[in-house]
Amino acid sequence: MIKHIPISAPSITQKEIDFTLDAVRSGWVSSLGEYITRFEQEFADFCGTSYALTTSNGTCALHLSLAAAGIGTGDEVIVPDFTFVATANAVSYTGAKPVLVDIEPDTLCMDPEKISEAVTSRTKAIIPVHIFGHPADMDRINAIASDHNLFVIEDAAEAHGAQIDSRRVGSLGHCAAFSFYGNKIITTGEGGMITTDDEKFYQTARQLRDHSMDKEKRYWHNEIGFNYRMTNLQAAMGVAQLERIDELLARKRDIFERYARRLSGMPRLRLNRTASWAKNVYWMVCAQIEGIDETTRERIMANLRQHGVDSRPYFYPLSDLPMYRNDPAKTPVTHRLYSEGICLPSFFDIKESEIDYVCDVLRSISTSI
Ligand SMILES: *Cc1c(COP(=O)(O)O)cnc(C)c1O
């Protein structure tokens, strides 16, 4: 039997089908509709914020947040070197410059110590990323931001439900951006959300999302806005997924714990670590093999693929990409760790026997590294 174990896949039940079909049948197929209102309200409640605003995707949520915060040409925004490219691209869309800082080796999130060194007179904002489901050290980041009067946007695209103490991500900065892409904790196909407690910021973002149409005077526009709206069809799926989020988060935790048990004692291997103050949602199970280079990592991944096991590499340092090229000596931790990481299959419906199989394959490969 040839196995194929994918890295990720959404969990779709009858609820998602029923709600989406209901939205289709209602005729409210674009961006007005009951599911949009419900999804925004329920997501705000989930995060513990006063407001939530749906967007077309997570990248738009980041861009819209920056635009609503008034960030533009000539400004600088601090982002971690180790993240999905969207974090930096959203900054670039505004005309501002992303300034890349290093990460902490344990959490793989932005190192608060590195922020102060990166602040200049042009710095306007910080975007900490809750990478792979682990929250960034928001208390320290917020303290530094407040010293320098910087706007804080959480990139929570990979971390719905993650917590610091009892506070959920989404409520830990001035605002936060979420993604509902197909491989995220919950999905709407494509989709995104901004959460915030700041009413003025929320109103600005809401208006910009809809081409900055004047609230009283239809088709009057005072500035260049966007169409970054989500559809009611996507929101219907989102409402269904959000109703199931406790179950989905429990599943991610169980999957991680099984991997951790089955891979324990493997030399040089470490899985996701979690800070004492954090609740990790384990968006991805990350196998990090100490000291391996990119070639070895590619060899391991090819080997897994031959056994029918999908995997994915860590992100490349943004400072290695042509458009964000920078001196690697400035972000040594990112450059030391990026080549060591392989994310293993952690889709919701993965069977325990499949996890065990992946672990057996990984053990057999790694003896020959
Ligand atoms: C997925 C992701 C995004 C972008 O979300 P999209 O919905 O794909 O646009 C942004 N930042 C991070 C860290 C992500 O993982």
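This is a predicted model: local features need pLDDT of at least 70, side-chain atom pairs count only at pLDDT 80 or more; totals for chains, interfaces and linings use all residues.

Biologist: Start with the core, then: which residues touch the most other members of the largest nonpolar core?

Modeller: The largest nonpolar core has 64 residues, and those touching the most other members are Phe 39, Phe 43, Phe 82, Phe 132 and Phe 178. Helix 2, which spans residues 34-47, gives this core its largest share, seven residues.

Biologist: And what does Phe 43 touch, leaving out residues up to four places away in sequence?

Modeller: With those set aside, Phe 43 is in contact with His 160, Phe 178, Phe 180, Ile 186, Met 193, Thr 195 and Leu 242.

Biologist: What classes does the lining of the largest cavity divide into?

Modeller: The lining of the largest cavity has five nonpolar, five polar and three charged residues.

Biologist: And which residues line the second largest cavity?

Modeller: The second largest cavity holds about 30 Å³ of space, and its lining is made of Ser 8, Ala 9, Asn 183, Lys 184, Ile 185, Lys 252, Trp 283 and Phe 348. By class, that lining comes to four nonpolar, two polar and two charged residues.

Biologist: On to the open ones. Which residues lie nearest the centre of the largest pocket?

Modeller: Among the 17 lining residues of the largest pocket, those nearest its centre are Leu 32, Arg 206, Arg 209, Asp 210 and Arg 229, and the pocket contains about 440 Å³ of space. Its lining has seven charged, six polar and four nonpolar residues.

Biologist: Which helix gives the largest share of that lining?

Modeller: Helix 7 does, with four residues.

Biologist: What about the second largest pocket, what is its volume?

Modeller: The second largest pocket has a volume of about 370 Å³, and of the 20 residues lining it, Val 99, Leu 100, Ala 118, Asn 326 and Lys 330 are the closest to its centre. Strand 3, residues 97-101, provides the largest share of that lining, five residues, while strand 3 and helix 5, residues 113-118, each supply at least two. By class, the lining of the second largest pocket divides into nine charged, seven nonpolar and four polar residues.

Biologist: Changing topic, what is the strand order in the open sheet of four strands?

Modeller: The order is 10-12-14-13, and the pairing is antiparallel.

Biologist: Why is one side of strand 10 and of strand 13 left without a neighbour in the sheet?

Modeller: Strand 10, residues 269-270, and strand 13, residues 312-313, stand at the edges with a single partner strand each, so one side of each has no neighbour in the sheet.

Biologist: And how many bridges join strand 12 and strand 14?

Modeller: Strand 12, residues 285-289, pairs with strand 14, residues 341-344, over four bridges in the antiparallel sense, and Cys 286 stands opposite Cys 343 of strand 14. Strand 13 and strand 14 also pair in the antiparallel sense, over two bridges, with Arg 312 opposite Cys 343.

Biologist: Are the residues of strand 14 buried or exposed?

Modeller: Gly 341, Ile 342, Cys 343 and Leu 344 are all buried, with Gly 341 and Cys 343 pointing one way from the strand and Ile 342 and Leu 344 the other way.

Biologist: Last one: where is Lys 3 found?

Modeller: Lys 3 is in the segment before helix 1, residues 14-26, and it counts as partly exposed because its relative accessibility is 26%, which falls between the 20% and 50% cut-offs. Its C-alpha atom is separated by 9.9 Å from that of Arg 305, a residue 302 places away along the chain. Leaving out residues up to four places away in sequence, Lys 3 touches His 307, Gly 308 and Tyr 357.

Terms used:
Residues are numbered from 1 along each chain as its sequence is written. Side-chain values use heavy atoms; hydrogens and water are left out. A nonpolar core is a set of buried Ala, Val, Leu, Ile, Met, Phe, Trp, Tyr and Cys residues joined through side-chain atoms within 4.5 Å. Buried means under 20% relative accessible area, exposed over 50%, partly exposed in between (1.4 Å probe, protein chains only). Contact means heavy atoms within 4.5 Å. Ala, Val, Leu, Ile, Met, Phe, Trp, Tyr, Cys and Pro count as nonpolar, Asp, Glu, Lys and Arg as charged, and the others, Gly among them, as polar. On a 1 Å grid over the protein atoms alone, a cavity is a set of points where a 1.4 Å probe fits but cannot get out, and a pocket is an open set with protein on both sides within 12 Å along at least five of seven lines; lining residues have an atom within 4 Å of a point. Grid points are joined across faces, edges and corners, and a volume is the space filled by probe spheres set on the points. Two strands pair if DSSP finds at least two bridges between them.
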